[in-house]
Amino acid sequence: MRTFTLHLQSATQYTVIKQATSFVGADASGSFGILAGHARMMTALGYGLARYQTRNGDWYYLAFPGGILYFLDNQLYLNSRRFLCDSDYERISAGLMQQLLAEEQALQTIKNSLNQLEQEMFRRLWEIKRSGAHL
């Protein structure tokens, strides 16, 4: 059975899975699978779950808040801000997805705060310009 190497990378983790036989993920166009010898490809993965199978037949599930997938020369690179890996589908889909959702909500709160700060800066600059003051 032909295999490929899977590289899981985040800001704080790097895991290499040698002898992966298949990968199943999803992007904006839908679900897709990758086997050894696949043509070069790159895609943006959406928020959710993916899975891969090793040579011994075991399946492992990955939870991540989106990422970039790149396949070249029998090397599959999955880059994400964070990922979680588990062989138990129920456990990863219930507990760990909640952690990723909380992280995404915190990130959205930060984005909203930055947006409010930017709008307030523009409002103040507009008021300064309107009052005729020179910067």
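**Figure 1. The largest nonpolar core of the predicted model.** This core comprises 20 residues, in a structure that is a predicted model. F4, L6, F23, I34, L62, L69 and L76 are the members that touch the most other members of the core. At least two core residues come from each of the strands β1 (4-9), β2 (14-27), β3 (30-35), β4 (41-54), β5 (59-72) and β6 (75-79). A separate core of five residues lies apart from this one and includes Y61, A63, L84 and I92.

**Figure 2. The surroundings of L76.** L76 is one of the residues that touch the most other members of the largest nonpolar core. When neighbours within four places in sequence are set aside, L76 is in contact with F4, T5, L6 and H7, with F23 and I34, and with L69, Y70 and F71.

**Figure 3. The aromatic pair of F4 and F71.** Three aromatic pairs are present in the structure. In the pair formed by F4 and F71, the arrangement is edge-to-face, with 5.7 Å from centre to centre and 80° between the planes. F4 belongs to strand β1 and F71 to strand β5, so the pair ties together parts that lie 67 residues apart in sequence. F4 and F71 are both buried.

**Figure 4. The aromatic pair of Y61 and Y89.** The rings of Y61 and Y89 are also paired edge-to-face, with a centre-to-centre distance of 5.2 Å and an angle of 65° between the planes. Because Y61 lies in strand β5 and Y89 in helix α1 (residues 89-131), this pair ties together parts that are 28 residues apart in sequence. Y61 is buried, at a relative accessible area of 17%, whereas Y89 is partly exposed, at 40% relative accessibility.

**Figure 5. The charged end of R51 and the ring of W59.** In this view, the charged end of R51 sits over the ring of W59. The distance from this charged end to the ring centre is 4.3 Å.

**Figure 6. T54 and Q19 in contact.** T54 is located in strand β4 and counts as buried, with 12% relative accessibility. Neighbours within four places in sequence aside, the contacts of T54 are I17, Q19, A20, T21 and Y60. Q19, one of these contacts, is part of strand β2. Its phi is positive, near 70°, and Q19 is a residue other than glycine. Q19 is partly exposed, with a relative accessible area of 38%.

**Figure 7. N74 in the loop between β5 and β6.** N74 occupies the loop that lies between β5 and β6. Although N74 is not a glycine, its phi is positive, at about 60°. With 23% relative accessibility, N74 counts as partly exposed.

**Figure 8. The setting of the close-up views in the whole protein.** The protein contains one helix and seven strands, which follow the pattern β-β-β-β-β-β-β-α along the sequence. The radius of gyration is 21 Å, while a compact globule of 135 residues would have a value near 14 Å. The C-alpha trace spans about 75 × 35 × 30 Å along its principal axes. Buried residues make up 32% of the 135 residues. Of the contacts between residues at least 6 apart in sequence, 50% join residues at least 24 apart.

Notes:
Residues are numbered from 1 along each chain as its sequence is written. This is a predicted model: local features need pLDDT of at least 70, side-chain atom pairs count only at pLDDT 80 or more; totals for chains, interfaces and linings use all residues. Side-chain values use heavy atoms; hydrogens and water are left out. A nonpolar core is a set of buried Ala, Val, Leu, Ile, Met, Phe, Trp, Tyr and Cys residues joined through side-chain atoms within 4.5 Å. Buried means under 20% relative accessible area, exposed over 50%, partly exposed in between (1.4 Å probe, protein chains only). Helices (H or I, at least four residues) and strands (E, at least two) are DSSP runs, numbered from the N terminus. Contact means heavy atoms within 4.5 Å. Rings of Phe, Tyr and Trp (its six-membered ring) pair if their centres lie within 6.5 Å; planes under 30 degrees apart count as stacked, over 60 as edge-to-face and the rest as tilted. A charge sits over a ring if NZ of Lys or CZ of Arg is within 6 Å of the ring centre and within 35 degrees of the ring normal. The radius of gyration is taken over C-alpha atoms; the globule rule is 2.2 Å times the number of residues to the power 0.38.
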